[in-house]
Amino acid sequence: MDLDSYDWSARYGWLQDRFGVNWQLMLTDPAGEPRPFVIPQFMFPYRSARAHEALQYWTSVFPDARQGTVVGYQPDQGQPDGTILFSDFQLAGQWFSAMDSGAQLPEGFDFNEAVSLTVQCADQAEIDHFWQALSAVPEAEQCGWCKDRFGVSWQVVPAAMEELMARPGAYQKMLAMKKLVIADF
């Protein structure tokens, strides 16, 4: 998208760098709530209309979570009702953004393990909570990694992972686990 004015920003543009990574450049409202310099973006496959569902689900799972801006496609833009053109939200105080792609993407375009998000948990109760909420694909579970119902990969790990991994045999024990169990290290 050319650098221009859009419904969600007075200056916005979308480009691809020489490594094939996409970047969205956006001038935030200086009078509005501050945003971090870099915000991870979830782009849902063409016409899936799942960005809003994911935003609602994830903000129900994480503490200190909330919805920010949500801009839907207009009826004349040819997208299904409820399709998100731009949104941002916080999970555990971290800003993210999400959208439903308005363009036909390459066959098989979806989230994969190339990018995952880490949830550092204070204790086993937190691990259990996030694992139950986020793990929806049993065949993707391994060593604290799971995949949610939207296809996003998560690492649900103890905050004290470095300390646990220093224990004798910890690596081999971890390899045998799907959900990490602190007492089993």
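Reader: How many bridges join β1 to strand β2, and in which sense do the two run?

Author: Strands (E, at least two residues) are DSSP runs numbered from the N terminus, and two strands pair if DSSP finds at least two bridges between them. In this predicted model, two bridges join β1 to β2 (residues 9-16), and the strands run antiparallel. Within that pairing, Tyr6 has Ser9 of β2 as its bridge partner.

Reader: What is the order of the strands in the open sheet, and which are its edge strands?

Author: The order is β1-β2-β3, three strands with antiparallel pairing. The edge strands, each pairing on one side only, are β1 (4-6) and β3 (22-26). On average, neighbouring strands of this sheet are turned by 40° against each other, direction ignored, where axes are lines fitted to C-alpha atoms and angles run from 0 to 180 degrees between N-to-C directions.

Reader: Is strand β6 mostly covered or mostly exposed?

Author: Buried means under 20% relative accessible area, exposed over 50%, and partly exposed in between (1.4 Å probe, protein chains only). By that criterion β6 (residues 84-91) is mostly covered, with eight of its eight residues buried.

Reader: Which strands pair with β6?

Author: Strand β5 (residues 66-72) pairs with β6 in the antiparallel sense over five bridges, and Val70 has Ser87 of β6 as its bridge partner. β6 and β7 (residues 94-100) also pair in the antiparallel sense over five bridges, with Asp88 opposite Ser97 in β7. The hairpin of β6 and β7 has two residues between the strands, and Ala92 takes a positive phi near 50° there.

Reader: What should I keep in mind about numbering and confidence?

Author: Residues are numbered from 1 along each chain as its sequence is written, and side-chain values use heavy atoms, leaving out hydrogens and water. Local features need pLDDT of at least 70 and side-chain atom pairs count only at pLDDT 80 or more, while totals for chains, interfaces and linings use all residues.

Methods
Helices (H or I, at least four residues) and strands (E, at least two) are DSSP runs, numbered from the N terminus.
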